[in-house]
Amino acid sequence: MNRLSGILLILLVAVSCADSPPSGEPLPSDDGALAALFPPQASVSDAQFEIMARVRLDLPKYRVKGTCAIFRSPDGSVQIDFVHSSLFGSYREDASIFVTSDSIAIQDHERGIFRGSGETLAHLSEHFEFDIVPEDVIVFMLLGTPVLEDLVDARLSVSDGKWVIEGQWRERQLRIEGEEGRGPALLRICSVDGKGCYEARYRYESGVRFGGYPEKIVCERKGGSERLSLTVESVSRAGGTGL
């Protein structure tokens, strides 16, 4: 479970550790304004998306790589299937993670074990310096946006073709940076005291092959050596249809 926990640990989001108050104008109070700053896969509600990616996980004592299949359902829930092994084939992990806005569960196929939301969150909380919520996974993967009702003092700044959102989200500091016409380039989440932070960075291709979704996602703990890299190979609607 330790290696799988490492994946989940890094898979859980991004963050703002600034001590100064947010600048800019108040974020418009409609979901459409926020969704427009994210890739289409974060808000389309009439289709299931399938994302295939290669995964590399670097942790202090080991490194693993493998494949990842991500499914976003029309209701916004997400399933993540991992199959990965150590670089030398001595270790194998095969598991599925099921995430909704308020629950997260793990099916460990390798060991035949199912862990419900309470057990999973309790296990992950041991590794964090702030409380995590299941929705973190969905937002980190850019397959959903923070609910506006959960954002406090959120402000939007736009300058020279770039935009920044800052505020508090579920009692943690949030910062999202991006460019006009594209989704977020950076997403960071920190505890209110700034001691625990995770940061995700997103790179987009120049074409339309992924329909606005990033081609590379890298998430790492600030000040630590943990890093998760996802290299996207395909993005499609359910059934393999085009975007």
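Guide: A pocket is an open set of grid points with protein on both sides within 12 Å along at least five of seven lines. The model here is predicted, and its largest pocket has a volume of about 250 Å³.

Visitor: What makes a residue part of the lining of the largest pocket, and how many residues line the pocket?

Guide: A lining residue has an atom within 4 Å of a point. In the largest pocket 17 residues line the space, and Ser101, Glu135, Gly144, Thr145 and Val147 lie nearest its centre. By kind, the lining has 7 nonpolar, 6 polar and 4 charged residues.

Visitor: Which helix gives the most to the lining of the largest pocket?

Guide: Helix H4 does, with 3 residues. Helix H2 (31-35) and helix H4 (135-140) each supply at least two residues of this lining.

Visitor: Why is Glu110 called partly exposed?

Guide: Buried means under 20% relative accessible area and exposed means over 50%. Glu110 has 38%, which lies in between, so Glu110 is partly exposed. Glu110 is found in the loop between strand E6 (103-108) and strand E7 (113-115). Glu110 and Val83 are 27 residues apart in sequence, and their C-alpha atoms are 9.7 Å apart in space.

Visitor: Where is confidence lowest, and where is it highest?

Guide: Confidence is lowest in helix H1 (residues 2-10), at a mean pLDDT of 53, and highest in strand E11 (residues 184-190), at 95. Over residues 12-22 the pLDDT is below 50, and this stretch has 48 contacts in the model beyond near neighbours in sequence. The protein averages a pLDDT of 81, with 80% of the residues scoring at least 70.

Methods: Residues numbered from 1 in each chain as written. Predicted model: local features only at pLDDT ≥ 70, side-chain atom pairs only at ≥ 80, totals over all residues. Heavy atoms only, no water. 1 Å grid on protein atoms, 1.4 Å probe; cavity = no way out; pocket = protein on both sides within 12 Å on 5 of 7 lines; lining within 4 Å. Points joined across faces, edges and corners; volume = space filled by probe spheres on them. Helix = DSSP H or I, 4+ residues; strand = E, 2+ residues; numbered from the N terminus. Nonpolar A, V, L, I, M, F, W, Y, C, P; charged D, E, K, R; others polar. Buried < 20%, exposed > 50% of the residue type's maximum accessible area, 1.4 Å probe, protein only. pLDDT = per-residue confidence, 0-100. Contact = heavy atoms within 4.5 Å.
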